[in-house]
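This report walks through salt bridges, a core and a surface patch. Keep the structure in view while reading.

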Amino acid sequence: CGYSDWRLPTKDELAGMLTCSGYLNCGTGPHIEQSYFPNTQNVRNWSSSAFASLNNAAWDVYFGSGLVGGNNKYTVNHVRLVRGSQ
């Protein structure tokens with residue numbers, strides 16, 4: 001896209017894209033603003049934030065349910081890149 005400053009978002013940046021978070025009353029996703037992010041799938045997306053209580057784990061965000069949690073880095077997840085400094 002002509003830019004060289006793409007990066008993985010932090011856990012908070014990625015969770016900030018959610019329109020609903022947690023298990024209660026969220027219903028079926030994706031829970032992200034569809035007018036800005038069309039065609040978003042109900043999948044987990046990696047963040048750049050390490051999950052401190054587990055070795056080899058990182059935080060991810062599941063746009064299908066609004067869940068923010070940790071996952072093993074060997075798990076296949078999607079990525080949603082952002083631009084600019086943190």
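## Ground rules

A salt bridge is a side-chain nitrogen of Lys or Arg within 4 Å of a carboxyl oxygen of Asp or Glu. This is a predicted model: local features need pLDDT of at least 70, side-chain atom pairs count only at pLDDT 80 or more, and totals for chains, interfaces and linings use all residues. Residues are numbered from 1 along each chain as its sequence is written, and side-chain values use heavy atoms, leaving out hydrogens and water.

## Salt bridges

The whole structure holds three salt bridges. One joins aspartate 5 to arginine 83, with the closest N and O atoms 3.0 Å apart. This pair links distant parts of the chain. Aspartate 5 lies in the segment before strand E1 (6-7), arginine 83 in strand E5, and 78 residues separate them. Strands (E, at least two residues) are DSSP runs, numbered from the N terminus.

How open are these side chains? Buried means under 20% relative accessible area, exposed over 50%, and partly exposed in between (1.4 Å probe, protein chains only). Aspartate 5 is partly exposed at 31%. Arginine 83 is partly exposed too, at 38%.

Glutamate 13 pairs with arginine 7 in a salt bridge, the closest N and O atoms being 2.9 Å apart. Glutamate 13 is partly exposed, at 28%. Arginine 7 is buried, at 16%.

Arginine 44 and aspartate 60 also meet in a salt bridge, 3.4 Å from N to O. They too link distant parts of the chain: arginine 44 sits in strand E2 (residues 44-50), aspartate 60 in strand E3 (residues 57-62), 16 residues apart. Arginine 44 is partly exposed, at 28%. Aspartate 60 counts as buried because its relative accessible area is 0%.

## The nonpolar core

A nonpolar core is a set of buried Ala, Val, Leu, Ile, Met, Phe, Trp, Tyr and Cys residues joined through side-chain atoms within 4.5 Å. The largest one has seven residues: Leu14, Met17, Leu18, Ile32, Val61, Phe63 and Val82.

Methionine 17 has contacts (heavy atoms within 4.5 Å) with His31, Ile32, Glu33, Phe37, Phe63, Arg80 and Val82, not counting residues up to four places away in sequence.

## A surface patch

Tyr3, Trp6, Val79 and Leu81 form a nonpolar surface patch. Such patches use residues with over 30% relative accessible area and no salt bridge, nonpolar side chains being joined within 5 Å. Together the four have about 410 Å² of accessible area, from the Shrake-Rupley method with a 1.4 Å probe.

Leucine 81 belongs to the loop between strand E4 (67-72) and strand E5 (82-83). Leucine 81 is partly exposed, at 43% relative accessibility.

Key. Patches are made of residues with over 30% relative accessible area and no salt bridge: like charges are joined within 9 Å, nonpolar side chains (Val, Leu, Ile, Met, Phe, Trp, Tyr) within 5 Å. Helices (H or I, at least four residues) and strands (E, at least two) are DSSP runs, numbered from the N terminus.
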